[in-house]
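Hi,

Here is the model I said I'd pass on.

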Amino acid sequence: KDTNLKGVIESVVSGESDLGIGGFIGHHHSEVESSILATDVFHVVCPREHVFARSAKVRWRELANYPFIGMGHETGIHELLNEAMEKHGFQLQFVAEVSQLATLNGMIDEGIGISAISSLMLPREKHSSLVHRPLIEPIITRTIRVMWRSGAALSPAASAVFETLDVMLAEGTLRHTWVDVHWSKALGRPKMRGARRDDGELEIK
């Protein structure tokens with residue numbers, strides 16, 4: 001299911017989901033193991049007629065002059081930006097916070113403000129009314145991880161997803177789709193090499 005980082009972790013810890021994928025912000029959770037899937041960078045998103053659309057790159061401090069729409073407190077993006085603002089000393093003029101990308105894009109399209117999101121969250125290049133530009137000074141990155149419950153055996157379906165991701169990373173398939181994302185070459189294996197059979201029994205490999 002589609003949810004925020006907190007929801008992803010809770011779903012994995014509770015056993016509702018065998019695997020989760022989300023953007024970590026450096027915090028360790030004792031009940032969750034993870035492996036790096038990718039690292040992406042932040043871009044400003046704005047209407048095509050905005051002044052930023054005429055630039056190849058935009059500095060973070062330039063965003064302070066415009067209304068800013070942020071992702072909600074429950075998202076990893078929000079916490080990551082707060083940490084970055086404190087560390088690097090730039091400011092953002094928050095006028096609204098949202099939880100869904102569709103809402104964010106709609107508000108930007110209406111001219112309510114601009115925003116900053118990471119590469120994997122960006123609207124498609126040929127979006128009819130929105131554009132994005134890389135943000136620099138500083139370059140802020142987000143780490144995307146595949147998560148699973150510590151010591152838990154993966155179900156056959158989850159194992160298949162894990163193996164598929166591994167193959168796609170090895171073959172470079174994802175690099176062709178998202179060229180400005182740094183993809184890992186392989187996923188680290190869960191420490192428990194067992195897999196649950198369809199009948200629920202544990203099968204150790």
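First, the ground rules. This is a predicted model, so I kept to a pLDDT of at least 70 for local features and to 80 or more for side-chain atom pairs, while totals for chains, interfaces and linings use all residues. Residues are numbered from 1 along each chain as its sequence is written, and side-chain values use heavy atoms, with hydrogens and water left out.

Helices (H or I, at least four residues) and strands (E, at least two) are DSSP runs, numbered from the N terminus. Strand 4 covers residues 67-71 and is largely enclosed by the rest of the structure, because 4 of its 5 residues are buried. Buried here means under 20% relative accessible area, exposed means over 50%, and partly exposed is in between (1.4 Å probe, protein chains only).

Strand 4 pairs with strand 5 (residues 93-98) in the parallel sense, over 5 bridges; two strands count as paired if DSSP finds at least two bridges between them. To get from strand 4 to strand 5 the chain goes through helix 2 (residues 76-88), and this β-α-β crossover is right-handed. That term means that, with the strands pointing away from the viewer, the path from the first strand over the helix to the second runs clockwise. If you want a bridge to look up, Pro 67 has Gln 93 in strand 5 as its partner.

**Cores**

A nonpolar core is a set of buried Ala, Val, Leu, Ile, Met, Phe, Trp, Tyr and Cys residues joined through side-chain atoms within 4.5 Å. The largest one has 33 residues, and Phe 42, Trp 60, Leu 63 and Leu 135 have the most contacts inside it. The elements giving two or more residues to this core include strand 2, strand 4, strand 5 and helix 3 (101-109). Helix 2 gives the most, with 5 residues.

Ser 35 sits in strand 2 (residues 32-47) and is buried at 8% relative accessible area. Beyond its neighbours within four places in sequence, Ser 35 is in contact with residues including Ile 144, Trp 148 and Leu 187.

**Rings**

There are 5 aromatic pairs. Rings of Phe, Tyr and Trp (its six-membered ring) pair if their centres lie within 6.5 Å; planes under 30 degrees apart are stacked, over 60 edge-to-face, and the rest tilted.

Phe 42 and Trp 60 make a tilted pair, 6.0 Å centre to centre with 55 degrees between the planes. Phe 42 is in strand 2 and Trp 60 in the loop between strand 3 (58-59) and strand 4, so the pair ties together parts 18 residues apart in sequence. Phe 42 is buried at 1%, and Trp 60 is buried at 0%. Ring pairs also bring in Phe 90, making a cluster of Phe 42, Trp 60 and Phe 90.

Phe 68 and Phe 94 are edge-to-face, because their centres are 5.2 Å apart and their planes are at 80 degrees. Phe 68, in strand 4, and Phe 94, in strand 5, are 26 residues apart. Phe 68 is buried at 0%, whereas Phe 94 is partly exposed at 33%.

**Salt bridges**

With a side-chain nitrogen of Lys or Arg within 4 Å of a carboxyl oxygen of Asp or Glu as the rule, the count is 4.

Asp 40 and Arg 142 meet at 3.0 Å, N to O, linking strand 2 to strand 8 (residues 141-149) across 102 residues. Asp 40 is buried at 0%, and Arg 142 is buried at 11%.

Arg 59 bridges to Glu 62 at 3.9 Å, N to O, and to Glu 137 at 3.1 Å between the closest N and O atoms. Arg 59 is partly exposed at 32%, as are Glu 62 at 27% and Glu 137 at 44%. Together with Arg 61, these residues form a network: Arg 59, Arg 61, Glu 62 and Glu 137.

Cheers

Technical notes:
Contact = heavy atoms within 4.5 Å.
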